[in-house]
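Open the model in your viewer and keep the sequence panel beside it. This tour tells you what to select next and what is there.

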Amino acid sequence: YDEHLYQHRHLVENAFLKIKRWRGIATRYAKRLKSFVAAVQIEGVRIFV
């Protein structure tokens, strides 16, 4: 059990949880890969800023 590693893992898992709460990403609404990646990036910026 490495506490430092666990803290980082927890942050990453929570970030994915927050991103997947957005309906457009969870349902893969964007059909093209570029649109999907752009949506994930926009949501990531919105969460972490």
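The model is predicted, so to speak of a local feature takes a pLDDT of at least 70, side-chain atom pairs count only at pLDDT 80 or more, and totals for chains, interfaces and linings use all residues. Residues are numbered from 1 along each chain as its sequence is written, and side-chain values use heavy atoms, with hydrogens and water left out.

**Stop 1: the whole chain**

Show the chain as a cartoon. Its secondary structure comes to 3 helices and 0 strands. Helices (H or I, at least four residues) and strands (E, at least two) are DSSP runs, numbered from the N terminus. Along the sequence the pattern reads α-α-α. The C-alpha trace spans about 40 × 20 × 15 Å along its principal axes. Now colour by burial. Of the 49 residues in the chain, 18% are buried.

**Stop 2: helix α3**

Select residues 33-48. This is helix α3, with 16 residues. From its first C-alpha to its last, α3 reaches 22 Å, close to the 22 Å expected at 1.5 Å a residue. The expected span is 1.5 Å times one less than the number of residues.

Which residues of α3 are buried? Pick F36, A39, E43, G44 and I47. Look down the axis of α3: its buried residues fall within an arc of 135°, so they line one face of the helix. The arc is that of the directions from the helix axis to the C-beta atoms.

Turn to the other side of α3. There K34, Q41, I42, V45 and F48 are exposed.

What do the buried residues of α3 pack against? Show α1 (3-20) and α2 (23-26): the buried residues of α3 pack against both. Contact here means heavy atoms within 4.5 Å.

**Stop 3: where α1 meets α3**

Keep α1 and α3 on screen. Their axes come within 10 Å and cross at roughly 115°. The axes are lines fitted to C-alpha atoms, for helices over the stretch in contact, and angles run from 0 to 180 degrees between N-to-C directions. The crossing of α1 and α3 is right-handed. A crossing is left-handed if the near helix is turned anticlockwise from the far one by less than a right angle, and right-handed if clockwise.

Show side chains at this meeting place. From α1, select A15, K18 and I19. From α3, select V40, E43, I47 and F48, which they meet.

Now select G44, in helix α3. G44 counts as buried because its relative accessibility is 15%. Draw a C-alpha distance from G44 to A15. They are 29 residues apart in sequence and 8.0 Å apart in space.

**Stop 4: E43 and its partner**

Centre on E43, in helix α3. E43 is buried, with a relative accessible area of 4%. Leave aside its neighbours within four places in sequence, and E43 is in contact with K18, I19, W22 and I25.

R46 forms a salt bridge with E43, the closest N and O atoms being 2.6 Å apart. A salt bridge is a side-chain nitrogen of Lys or Arg within 4 Å of a carboxyl oxygen of Asp or Glu. R46 and E43 are 3 residues apart in helix α3, so about one helical turn separates them. R46 counts as exposed, at 57% relative accessibility.

How many salt bridges does a search of the whole structure find? It finds 2.

**Stop 5**

Select R9 and E13. Their side chains meet in a salt bridge (2.8 Å, N to O). Both residues lie in helix α1, 4 residues apart, about one turn of the helix. R9 counts as exposed at 53% relative accessibility, while E13 counts as partly exposed at 41%.

Step to H10, also placed in helix α1. H10 is partly exposed, with a relative accessible area of 40%. Its C-alpha and that of F36 are separated by 24 Å, at 26 residues apart along the chain.

**Stop 6**

Finish at A30, in the loop between α2 and α3. Is A30 buried or exposed? A30 is buried, with a relative accessible area of 18%. Not counting residues up to four places away in sequence, A30 touches G24, S35 and F36.

Terms used:
Buried means under 20% relative accessible area, exposed over 50%, partly exposed in between (1.4 Å probe, protein chains only).
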